[in-house]
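Work through the exercises below with the sequence and the coordinates open. Each task is followed by a solution in steps.

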Amino acid sequence: MAARSAWVSAGILAALVAGPAPASAQTGLRPYVGGSLGSLSVSADEVDGRSVAGGIFGGLALSRYVDAEFEVILPADTFTRSYTAPSVSFAPPGASSAERDRLSVVTQFDKERDVTASFSGVVVIHPPLGRRLTPGVILGITSQRVRDQTAYTPVSIPDGVDPAHPAVVGRTESSTRNIGGPTIGANLAIAVTPQFFIVPDI
């Protein structure tokens with residue numbers, strides 16, 4: 001019946017659904033497939049932003065009232081953030097705040113998050129299809145495969161500090177992990193034909 005983008009930090013998608021006959025006319029499990037296009041947002045500790053994203057999904061109408069769906073979302077852009085700040089100070093213990101600032105290395109931080117893909121599995125609870133507009137409630141889980149990278153580039157090094165010191169030398173750190181959480185949302189299936197729906201959701 002519906003496609004949805006379950007994004008940990010709130011995504012909004014418009015889904016174009018091509019599927020079988022309405023659930024009200026079904027007597028058993030019926031599969032359906034579709035594609036989605038929309039906007040995905042990320043608001044994390046390191047980066048935030050918005051990206052155009054596309055996806056594909058498939059589902060089964062389990063009954064007149066419940067669908068089970070699985071969706072893969074692929075964002076188009078990488079999320080980035082850059083800023084400059086003191087990173088380490090070579091001031092001795094007990095130094096004043098001004099002295100610590102004077103002996104601090106100023107570093108540019110370039111942070112990047114690449115969301116390889118977002119996977120979600122949900123159930124959609126809705127009234128029987130067959131009318132022009134059919135609302136639905138979305139419940140499930142979402143998992144994202146993300147690669148975080150931070151580049152540290154010294155901008156200013158205090159006099160007397162060795163530029164080859166390990167705390168001063170520029171470097172890049174990266175990690176790859178899975179993050180996820182529950183998905184809660186709503187949609188509205190707009191019937192174009194008995195087998196074709198446009199489904200905005202959030």
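This is a predicted model: local features need pLDDT of at least 70, side-chain atom pairs count only at pLDDT 80 or more; totals for chains, interfaces and linings use all residues.

**Exercise 1. Salt bridges**

Solution. 

Step 1. The cut-off is 4 Å from a side-chain nitrogen of Lys or Arg to a carboxyl oxygen of Asp or Glu.

Step 2. Arg102 is exposed, at 53% relative accessible area, while Glu99 is partly exposed at 26%.

Step 3. The Asp148 bridge is part of a network of salt bridges that links Arg113, Asp148 and Arg177.

Step 4. Glu173 is partly exposed at 39% relative accessibility, and Arg171 is partly exposed at 38%.

**Exercise 2. Aromatic rings**

Which residues do ring pairs link into a cluster, and which side chain lies over the face of Tyr152?

Solution. 

Step 1. The count of aromatic pairs is 4. One of them joins Tyr83 and Phe109, with ring centres 5.0 Å apart and 15 degrees between the planes. Planes under 30 degrees apart count as stacked, so this pair is stacked.

Step 2. Tyr83 is in strand S5 (residues 79-89) and Phe109 in strand S6 (residues 104-125), 26 residues apart, and the pair links distant parts of the chain. Tyr83 is partly exposed at 27% relative accessibility, whereas Phe109 is buried at 10%.

Step 3. Phe109 also pairs with Tyr152: the centres are 5.5 Å apart and the planes lie at 80 degrees, so the geometry is edge-to-face. With Phe109 in strand S6 and Tyr152 in strand S7 (residues 133-156), the pair ties together parts 43 residues apart in sequence. Tyr152 is buried, as is Phe109.

Step 4. Arg171 is the side chain over the face of Tyr152, 4.2 Å from the ring centre.

**Exercise 3. Nonpolar cores and the whole chain**

Identify the residues of the largest nonpolar core, then describe the chain by its elements, burial and contacts.

Solution. 

Step 1. The largest nonpolar core has 6 residues, namely Val42, Val47, Phe79, Val115, Val146 and Ile179. A second, separate core has 5 residues, among them Ala189, Ala191, Phe197 and Val199.

Step 2. Apart from neighbours within four places in sequence, Ile179 contacts Arg113, Thr142, Ser143, Gln144 and Val146.

Step 3. The chain contains 1 helix and 9 strands, in the order β-β-β-β-β-α-β-β-β-β from the N terminus.

Step 4. Of the 202 residues, 37% are buried. Among contacts between residues at least 6 apart in sequence, 66% join residues at least 24 apart.

Step 5. The accessible surface of the chain is about 10,400 Å², and carbon and sulfur atoms account for 60% of that area.

How values were computed: Residues are numbered from 1 along each chain as its sequence is written. Side-chain values use heavy atoms; hydrogens and water are left out. Rings of Phe, Tyr and Trp (its six-membered ring) pair if their centres lie within 6.5 Å; planes under 30 degrees apart count as stacked, over 60 as edge-to-face and the rest as tilted. Helices (H or I, at least four residues) and strands (E, at least two) are DSSP runs, numbered from the N terminus. Buried means under 20% relative accessible area, exposed over 50%, partly exposed in between (1.4 Å probe, protein chains only). A charge sits over a ring if NZ of Lys or CZ of Arg is within 6 Å of the ring centre and within 35 degrees of the ring normal. Contact means heavy atoms within 4.5 Å. Accessible areas come from the Shrake-Rupley method with a 1.4 Å probe; for residues, only the protein chains shown count as cover. A nonpolar core is a set of buried Ala, Val, Leu, Ile, Met, Phe, Trp, Tyr and Cys residues joined through side-chain atoms within 4.5 Å.
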